[in-house]
Amino acid sequence: ASANFVRFVYDEPHAVPGSDLITARFAAHFDDLGLAWEPIDLTGKTDHAAFSDADIPTGGLFSGGTEPKTNAQASAFGGTPGIAADACIHRACDSLASIDEGVLAQMADAAALVIGDLASD
């Protein structure tokens, strides 16, 4: 729920089979709501790497970290270009006071919906 967020959806070209289904469900959810989102390739360098290494499909959401928001992202998502999505990530100011509660709710709703859909398939 980064304060200068982007709604990123994991989209990794070399992810294990089945991962693309998770990505597509997140994308469809945001599209249905008319909410901008952007694919992100984390190249397996995050918490889900162990699952990928075990050939378990992965997917997820990310609202941004230390990378600066681009002009195009600011146009699509609002916020300030040139400023980190989350200037407090892994710092003392990283607290509930530094999040965007609206995007937190959107991302949590998306996660709950997609997990529920996948569990019922």
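Here are a few exercises on this predicted model, each with a worked solution.

Before you start, note that residues are numbered from 1 along each chain as its sequence is written. In this predicted model local features need pLDDT of at least 70 and side-chain atom pairs count only at pLDDT 80 or more, while totals for chains, interfaces and linings use all residues; side-chain values use heavy atoms, with hydrogens and water left out.

**Exercise 1. Find the aromatic pairs and say how each is arranged.**

Start with the rule: rings of Phe, Tyr and Trp (its six-membered ring) pair if their centres lie within 6.5 Å, and planes under 30 degrees apart count as stacked, over 60 as edge-to-face and the rest as tilted. That gives two aromatic pairs.

Take Phe-5 and Phe-77. Their ring centres are 6.5 Å apart and their planes stand at 70 degrees, so this pair is edge-to-face. Phe-5 sits in the segment before strand S1 (8-10) and Phe-77 in helix H3 (residues 71-77), 72 residues apart.

How covered up are they? Buried means under 20% relative accessible area, exposed over 50%, partly exposed in between (1.4 Å probe, protein chains only). Phe-5, at 10%, is buried, and Phe-77, at 11%, is buried too.

Now for Phe-8 and Phe-62: this pair is stacked, with 5.8 Å from centre to centre and 25 degrees between the planes. Phe-8 belongs to strand S1 and Phe-62 to strand S3 (residues 61-62), so the pair ties together parts 54 residues apart in sequence. Phe-8 is buried at 4%, whereas Phe-62 is partly exposed at 24%.

**Exercise 2. Work out which charged residue lies over the face of Phe-5.**

A charge sits over a ring if NZ of Lys or CZ of Arg is within 6 Å of the ring centre and within 35 degrees of the ring normal. Lys-69 is the one to pick, at 5.5 Å from the ring centre of Phe-5.

**Exercise 3. Locate the disulfide and describe it.**

A disulfide here is a pair of cysteine sulfur atoms within 2.5 Å. Searching the whole structure turns up one. It joins Cys-88 to Cys-93, with 2.2 Å from S to S. To finish, check the accessibility: Cys-88 is buried at 14%, but Cys-93 is partly exposed at 31%.

**Exercise 4. Compare two residues with positive phi, Asp-55 and His-90.**

Asp-55 isn't a glycine, yet its phi is positive, about 60 degrees. You'll find Asp-55 in the loop between helix H2 (49-53) and S3, and it is exposed at 61%.

His-90 isn't a glycine either, and its phi is also positive, about 60 degrees. His-90 lies in the loop between H3 and helix H4 (101-120), where it counts as exposed at 74%.

**Exercise 5. Where does Leu-21 lie, and how far is its C-alpha atom from that of Gly-59?**

First, the place: Leu-21 is in helix H1 (residues 19-33). Second, the accessibility: Leu-21 is partly exposed at 40%.

Definitions and conventions:
Helix = DSSP H or I, 4+ residues; strand = E, 2+ residues; numbered from the N terminus.
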